[in-house]
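Me: I would like to go through a structure feature by feature. Please give the general idea each time, and then the case at hand.

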Amino acid sequence: MGRIEDAFARRAAERRKTLVTYLCVGDPDGDASIDLALACAEEGADVLELGCPFSDPSADGAAIARASQRALGRGGGLAETLRVASAVRARSDVPIVLFGYYNPLFVRGEEEAARAVAAAGVDALLVVDLPVDESMPLRAAAASHGLGLVPLVAPTTLPERVARIGALGERFPVPFVYYVSMTGITGGAGASAVLARASAEAARVRSATKRPTVVGFGIDSHARARVAAESADGVVVGSEIVRRIERGATHAERLAGVRELVRELRGAV
Amino acid sequence: MAVVSPAQEPGWYGPFGGRFVSETLIPALDELTAATREIAATEEFEAELRTLLADYVGRPTPLSEASRLARAIDPDRKTLLRLFLKREDLCHTGAHKINNALGQVLLARKMGKTRIIAETGAGQHGVATATACALFGLPCEIYMGAEDVRRQAPNVGRMRLLGAKVVPVDSGSRTLKDAMNEALRDWVTNVATTHYCIGSAAGPHPYPELVARFQSVIGEEARAQILERTGRLPDAAVACVGGGSNAIGLFRGFLSADDVRLYGVEAAGHGVASGRHAATLTAGRVGVLHGSKSYVLCDDGGQIQEAHSISAGLDYPGVGPEHAWLKTSGRARYVSATDDEALAAASLVTRTEGILPALETSHPFAKLGAIADEVARDVGRPATIVLCLSGRGDKDLETLLGRLLPPEERGGS
């Protein structure tokens, strides 16, 4: 089993939930991202999503869009994201998901991108603007390098598409499924009822796909994390971490802010 | 409709097209694809749209022969025999954009959508969408880059008068691509009730095909009109290309006629070599932006670059996937004109024909001489050319006055 599968299995055995944390690599700079990512893992994050900044993050809200702009303004992008992933891998065995948009991977070439991503010690890719229908070239290249490709399921996704995603998991590595809690972009605050419904939906997606299913979007506090985690296998927290980093005036403040948040989240799930 | 589409499978033009969007939007795109087939293709819908285009838009638009301009470009008539202008500037609201906006808003209403959003660059698509929404009594929000809000102020005022809410977008390059990002964010949030009225022949499937279908009225009319006037098809059809909707509309009328050469003219801004341009097909590479695989302007790391053009409607680092296919298959040729060339052409067209063209349309005018030379060499006689005059230039007055007239002649008494 891979690192991601191990992480889910460990938490499941403890009857706890898997905590996935996102940060935008290069905000405020690459070296800081290494420290911040390791801090998340030390405070109990089970899986790290390292966000590759993109110029046109149309699925993201203002917080991640601002962080992406800052990172790109300092020369960030896929190359720096891979450098940061390698550095984290050199110091930790925490599972890493490279999170991003398709064009940086496509322009590099699916095969070469998959090779470089795997060489950096990344375990899986999550590409927000690559629905399953268009995912075969990257999925096949990723699989040949032992990389998973994480599919997204949204509240609008019909059952037959969920079944297709389940079928893909029989032929390709699909370490987990990401259930999008609401129709919308990242960075909101999910209403309790919305997150509770998403958690129940995630359980249905897990039964249909036979893969652990996490809930993301709109989870900005330990209280919301607890609601979203109820019937799901885990939760993803992104924009709130990015906001903590944005609010910190110094490296120490940023680290402290992120550590505090992840510790609270860990306590809740 | 009797148009030939090069799409081999739904949503793909050769290796270009597809749907590269969030999972959340896929069911909405499926719904729109089904509506395109089940509603927009019915005789009832086509008849209703035809009536609107005739009684409200003023179609068919004329095909005007521009002899004085042709003479100015080629005094000896060695390369340019006859030049015809397809007068989309005479459409209600002043550009071809209304053809598509009316079609999509009519379709959205029949789909039961209760709110319309759109992105706009020059503001022509925004005005057209706001107009269609006023006509049908639907609420409308228009996303527009803050830089474009500044340089196309008259159109911002028009949209607001029409009852639309104009939302300035301050992120990224503050132009069309950023407006499109913001519109996508709105759509994914309000997808159950809202139709996203994309203005160009770009975006995820089915948009490129839907927009091309609604704009193909340009090419169908032009084809019938030129046959009536000259007894034969033209040697070339020419249009400007930003995202490419007026060009694809014109080209659809002539795609099946192999001896009609198709030319798209992109915006070269300060010159392609300067790096400050919007000549995506001329100088870009294959990539994925705003839902489809096509040519894009991006760096080696896959980050989308900012485009530049004096014309807000062409200031976009992507292009519709069908144009990418027409380029790589060799069916159409794409050239580019700089800001300065477009400005000079705007002045020439105005003074020879009494028509003030939009800055977008000024780009193909700027390349007419070179295109006529090439076509004439090719066919061995002076050429007959149809050019899509996609919009009128009133919205560009401030830019035109600032660049073309000395200060003492810019206004006042």
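Me: Which residue in β7(B) is the bridge partner of Glu141(B)?

Reply: Keep in mind that this is a predicted model. The bridge partner of Glu141(B) is Lys165(B), in β7(B). The two strands involved are β6(B), residues 140–145, and β7(B), which pair in the parallel sense over 5 bridges.

Me: In what order do the strands of that sheet lie?

Reply: A sheet is read across its strands, one neighbour at a time. Here the order is β7-β6-β5-β8 in chain B, an open sheet of 4 strands with parallel pairing. The edges are β7 (165–169) and β8 (194–196) of chain B, each of which pairs on one side only. From one strand to the next the twist averages 20°.

Me: Which strands does helix α5 of chain B touch?

Reply: Helix α5(B), residues 124–136, packs on the sheet and touches β5 (115–120) and β6 of chain B. The direction of α5(B) makes about 165° with that of β5(B).

Me: In which sense do β11(B) and β12(B) pair?

Reply: They pair in the antiparallel sense, over 5 bridges. One of the residues to look at is Leu289(B), whose bridge partner in β12(B) is Ser292(B). The hairpin has 1 residue between the strands, and His290(B) takes a positive phi near 50° there.

Me: Next, salt bridges. How many does the structure hold over all chains?

Reply: The total is 58. For each pair, look at the distance, the place in the chain and the exposure. Take Asp93(A) and Arg3(A), whose side chains meet at 3.0 Å, N to O. This pair links distant parts of the chain, 90 residues apart: Asp93(A) lies in the loop between α4 (78–91) and β3 (96–100) of chain A, and Arg3(A) in helix α1(A), residues 3–13.

Me: Why does Asp93(A) count as exposed?

Reply: Asp93(A) counts as exposed because its relative accessible area is 56%, and the cut-off for exposed is over 50%. Arg3(A), at 29% relative accessibility, is partly exposed.

Me: Which residue of chain B forms a salt bridge with Glu65(B)?

Reply: That residue is Arg82(B), with the closest N and O atoms 2.7 Å apart. Glu65(B) is partly exposed, with a relative accessible area of 27%. Arg82(B) is partly exposed too, at 27% relative accessibility.

Me: And Asp170(B): is this residue buried or exposed?

Reply: Asp170(B) is exposed, with a relative accessible area of 54%. Its salt bridge is with Arg174(B), the closest N and O atoms being 3.0 Å apart. Arg174(B) is partly exposed, at 34%. Salt bridges may also share partners: Glu240(A), Arg243(A), Arg244(A), Arg247(A) and Glu260(A) are joined into one network in that way.

Me: How much area do chain B and chain A bury between them?

Reply: The size of an interface is often given as the accessible area lost when the parts come together. Chain B and chain A bury about 2,500 Å² between them, and 54% of it is on carbon and sulfur atoms. In chain B, Glu23(B), Arg185(B) and Gln303(B) lose the most area to chain A, together 27% of what that side buries. The contact takes 34 residues from chain B and 33 residues from chain A.

Me: How many salt bridges cross the interface of chain B and chain A?

Reply: There are 2. The side chains of Glu23(B) and Arg161(A) meet in a salt bridge at 2.9 Å, N to O. Between the two chains, 15 residue pairs are in polar contact. On the chain B side, at least two residues each come from β2 (16–20), α1 (26–40), α8 (176–189), β11 (285–289) and β12 (291–296). The largest share, 7 residues, comes from α8(B).

Me: Last, which residues is Gln215(B) in contact with, leaving aside its neighbours within four places in sequence?

Reply: They are His96(B), Lys97(B), Asn99(B), Asn100(B), Ser245(B) and Gly249(B). Gln215(B) is found in helix α9(B), residues 207–230. Gln215(B) counts as buried because its relative accessibility is 0%.

Conventions
Residues are numbered from 1 along each chain as its sequence is written. Chains are lettered from A and ligands numbered from 1 in the order in which they are written. This is a predicted model: local features need pLDDT of at least 70, side-chain atom pairs count only at pLDDT 80 or more; totals for chains, interfaces and linings use all residues. Side-chain values use heavy atoms; hydrogens and water are left out. Two strands pair if DSSP finds at least two bridges between them. Axes are lines fitted to C-alpha atoms, for helices over the stretch in contact, and angles run from 0 to 180 degrees between N-to-C directions. Contact means heavy atoms within 4.5 Å. A salt bridge is a side-chain nitrogen of Lys or Arg within 4 Å of a carboxyl oxygen of Asp or Glu. Buried means under 20% relative accessible area, exposed over 50%, partly exposed in between (1.4 Å probe, protein chains only). Buried area is the accessible area (1.4 Å probe) that two parts lose on being put together, summed over both. A polar contact is a pair of N or O atoms within 3.5 Å; within protein, one must be able to donate a hydrogen and the other to accept it, and residues adjacent in sequence count only if both atoms are side-chain atoms.
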